[in-house]
Amino acid sequence: MEYIDMHAHMVSRTTDDYYQMALTGCVAVSEPAFWAGWDRSSADGFADYFRQLTEFEPNRARQYGIRHYTWMCLNPKEADNREMARAVLARIPKFLTHPNVVGIGEIGLNRNTRNELETFKDHVELAVEHEQLILIHTPHLEDKYKGTRLTVETLQSYERIKPHRVLIDHAEEHTVKMILDAGFWTGITLYPNTKVSAQRAADIIEMHGAERICVASACDWGPSVPVAVPQFALEMRRRGHSEELIRHVIFENPAEFLGQSGKFELAPKQSKTLGTAATVN
Amino acid sequence: MFPEYATCPLTEQKLLDEYFIENRTRLLEIAAFLDRLDRAQEQSSSPDFRTRAFLQALEVLFSSAENRTEQIQMIFSDPTLEPLEALNQKSARGAYQRV
């Protein structure tokens with residue numbers, strides 16, 4: 001079955017991972033800008049990373065028949081550094097016109113500090129100014145509930161924010177309802193240890209429905225599985241859910257959300273079965 | 001559009017047939033982890049905040065609440081809403097340290 005991995009940090013993965021993803025039906029990935037696992041020493045380092053996301057990575061994905069889309073930002077792990085944040089944000093606008101850039105992300109909070117919140121607001125204003133989609137990271141573990149609440153409340157303070165153009169990611173059992181109730185899209189990310197398993201993701205779909213919810217691998221440089229989305233599909237099948245429902249979650253939902261960027265395209269074969277959810281080549 | 005929402009399509013019997021063994025394994029892993037903590041060479045005079053949260057979460061498992069997962073998530077969560085004044089550490093530790 002075809003699928004779109006809505007959140008995958010492919011710069012951290014090998015070409016073998018692209019190969020496995022292609023073999024399991026992946027036709028497109030969306031790659032948010034991310035923390036390298038260590039703090040970068042200059043804004044120019046970020047600019048190099050943005051070139052990697054917009055120039056090098058799409059070519060690597062194309063070799064496996066996978067479309068590569070990306071998001072620009074200074075990630076939440078480095079967002080407490082306000083001076084660096086200002087310098088990086090100043091470098092972002094020139095990348096926004098690139099054909100594979102679909103928005104600003106993944107922005108948000110890490111430990112829920114005042115500085116992180118200010119950097120988050122700077123990114124939101126940049127996105128509003130340039131009419132970009134927004135992809136939001138929510139904090140890990142004990143910080144997730146508080147960070148998600150702060151995120152939702154901050155976004156609701158902006159009159160110009162359209163909830164259907166914002167995806168608040170890494171939702172779990174205690175945060176998914178508050179995100180959906182506020183009208184935003186949400187994402188469930190499948191991690192072996194720190195986030196949600198395929199079984200719990202299926203539980204969340206059963207309890208909250210499949211509208212405005214995407215499921216992604218969020219594969220990166222840490223323990224993570226690049227073929228986690230087909231593993232989720234298998235879990236749904238194991239429980240007897242319909243192929244139509246599974247496709248809705250792993251293909252049509254991300255296509256509908258990303259399609260709002262005006263840049264997201266699928267090959268003709270794929271879009272034949274998609275209806276109006278995505279742009280046709 | 002998708003009528004199977006809100007419930008798991010499998011019967012209780014089928015769920016047990018499909019998932020009992022893997023969850024039995026998970027339960028034994030937790031038991032072994034607690035035994036391992038008891039066998040640790042150096043024991044703290046008072047339980048670590050993570051141990052306290054873990055044991056509190058186990059109490060929820062024994063309850064008949066319908067939303068055990070969400071309740072356990074909240075036991076581990078920071079319930080406050082005031083942002084931190086300054087960054088004190090880069091990474092989360094899995095449980096909120098209540099004073």
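In the predicted model, strand S4, helix H4 (residues 114-129) and strand S5 of chain A form a β-α-β unit of right-handed sense. Strands S4(A) and S5(A) run parallel and are joined by five bridges. Within this pairing, Ile104(A) faces Ile134(A) of S5(A) across the two strands. On the side of strand S3 (residues 67-72) of chain A, S4(A) is again paired in the parallel sense, here over three bridges. Trp71(A) stands opposite Gly103(A) of S4(A), and Thr70(A) stands opposite Val101(A) of S4(A).

These strands belong to an open sheet of eight strands in chain A, ordered S1-S2-S3-S4-S5-S6-S7-S8 and paired in parallel. Its edges are formed by strand S1 (3-5) and by S8 of chain A, each of which pairs on one side only. From one strand to the next the twist averages 25°. Helix H8 (residues 228-238) of chain A packs on the sheet and touches S1 and S8 of chain A; the direction of H8(A) makes about 130° with that of S1(A). Helix H2 (residues 43-62) of chain A lies across strand S2 (26-31), S3 and S4 of chain A, and runs at about 170° to S3(A).

Strand S4(A) is largely enclosed by the rest of the structure, because eight of its eight residues are buried. The strand spans residues 101-108 and contains Glu106(A). The peptide bond between Gly105(A) and Glu106(A) is cis, with omega of about -10°. For comparison, most peptide bonds are trans, and most residues other than glycine have a negative phi.

Positive phi values occur at Leu141(A) and Arg212(A), neither of which is a glycine: phi is about 50° at Leu141(A) and about 60° at Arg212(A). Leu141(A) is located in the loop that connects strand S5 (133-137) with helix H5 (144-156) of chain A. Arg212(A) is located in the loop between helix H7 (198-208) and strand S8 (213-216) of chain A. Leu141(A) has 19 other C-beta atoms within 10 Å and is therefore partly exposed, the threshold for a buried residue being 20 or more. Arg212(A) likewise has 19 other C-beta atoms within 10 Å, so Arg212(A) is also partly exposed.

Helix H7(A) contributes a set of buried residues, namely Ala198(A), Ala201(A), Ala202(A), Ile204(A), Ile205(A), Glu206(A) and His208(A). An α-helix has 3.6 residues a turn, so residues three or four places apart point the same way. The cover over the buried residues of H7(A) includes helix H6 (176-181), strand S7 (185-189), S8, H8 and helix H9 (243-259) of chain A.

Ala202(A) is buried because 25 other C-beta atoms lie within 10 Å. With residues up to four places away in sequence left out, the contacts of Ala202(A) are Phe232(A), Glu235(A), Met236(A) and Arg239(A). Ala202(A) and Met236(A) are 34 residues apart along the chain, and their C-alpha atoms are separated by 6.2 Å.

Chain B is divided into two parts, domain 1 (11-42) and domain 2 (44-77). Taken over C-alpha atoms, the centres of domain 1 of chain B and domain 2 of chain B are separated by 16 Å. The contact between the chains involves 29 residues of chain B and 29 residues of chain A. On the side of chain B that touches chain A, helix H3 (residues 68-76) of chain B supplies the largest share, five residues. By residue type, this side of chain B comprises 16 nonpolar, six polar and seven charged residues.

Definitions and conventions. Residues numbered from 1 in each chain as written. Chains lettered and ligands numbered in written order. Predicted model: local features only at pLDDT ≥ 70, side-chain atom pairs only at ≥ 80, totals over all residues. Domains from an automatic or database assignment. Contact = placed C-beta atoms within 7 Å. Helix = DSSP H or I, 4+ residues; strand = E, 2+ residues; numbered from the N terminus. Nonpolar A, V, L, I, M, F, W, Y, C, P; charged D, E, K, R; others polar. Buried ≥ 20, exposed ≤ 12 C-beta atoms within 10 Å, placed from the backbone. Pairing = 2+ DSSP bridges. Right-handed = clockwise from strand over helix to strand, strands pointing away. Axes fitted to C-alpha atoms, helices over the stretch in contact; angles between N-to-C directions.
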